[in-house]
Amino acid sequence: MKIKNAYFLKSCVSASHFPSYPFPEFAFLGRSNVGKSSLLNMILGQKDLVKTGARPGVTQAINFFIVNDNSSFVDLPGFGYAKVPADIRKKFTPLIKSYLEGRDNLKVAFLLIDIRRTPGDFEEDMLEFLEKNRIPVVITLTKCDKLSGNQRKKRIQEIIDALDIGRDSIFLTSCKTGEGKKEILSVVSDFIKQGGTKAESLDT
Ligand code: GDP
């Protein structure tokens, strides 16, 4: 799948503002600073479409991007930014929850984890929550260019053990080298071709 065009549609702070269209959606979520904006820009082939290094303030928003006029990439607010108030920092803000629980367009959630970090409560709880809601998940390791081959293998095994998942459900990515772009877009194009539904889950 090639990206022919991609544009920002809207930023939503409540579920009543989520866009209404027939497009399948692909959500990206993870801790602040995990590299989510950089990864989205790399995949979509535009340097500044998604603001990198943006510090989430008090307002947490979900950003929708239309891709190839037939699908949508959804940028969920980064979790756990230390400088936002504790009640906003807490897991599963109502906005994220309402999106993940109620969004029929959603086909796959890419849960981003920095390859150098051991997943913590946030990732474990999020994985459980996504599974409970029957949302297919792809664990997407970011910043893989920062580690050598052997270091990578070690980290991947630690992440597999921490999350109790299979090696096949992990993608390796880097915004510096473009690694992982093909794999992510192939998941997207499979869903577009199949017209897949939320219940037709990927193997995790
Ligand atoms: P976000 O808060 O999750 O949107 O994270 P950003 O995309 O703003 O990235 C946070 C920091 O990590 C920035 O300094 C990026 O340059 C850096 N970064 C993001 N992705 C990569 C990557 O794949 N490789 C390397 N080496 N650095 C990255």
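Predicted model: local features only at pLDDT ≥ 70, side-chain atom pairs only at ≥ 80, totals over all residues.
Let me begin with a definition: a residue is called buried under 20% relative accessible area, exposed over 50%, and partly exposed in between, with a 1.4 Å probe and protein chains only. By that definition D164, in the loop between helix 5 and strand 7, is exposed, with a relative accessible area of 70%, and D164 has a positive phi of about 55° although it is not a glycine.

Residues are numbered from 1 along each chain as its sequence is written, and side-chain values use heavy atoms, with hydrogens and water left out.

N68 also has a positive phi of about 55° without being a glycine, but N68, placed in the loop between strand 3 and strand 4 (71–75), is buried at a relative accessible area of 11%. Helices (H or I, at least four residues) and strands (E, at least two) are DSSP runs, numbered from the N terminus.

Turning to the interior, a nonpolar core here is a set of buried Ala, Val, Leu, Ile, Met, Phe, Trp, Tyr and Cys residues joined through side-chain atoms within 4.5 Å. The largest such core has 38 residues, of which Y99, L100, M126, I139 and L141 touch the most other members, and the largest share of this core, five residues, comes from helix 4. Apart from it lies another core of 24 residues, including L40, V67, V138 and I184.

Finally, E128 belongs to helix 4 (residues 121–132) and is exposed, with a relative accessible area of 55%.
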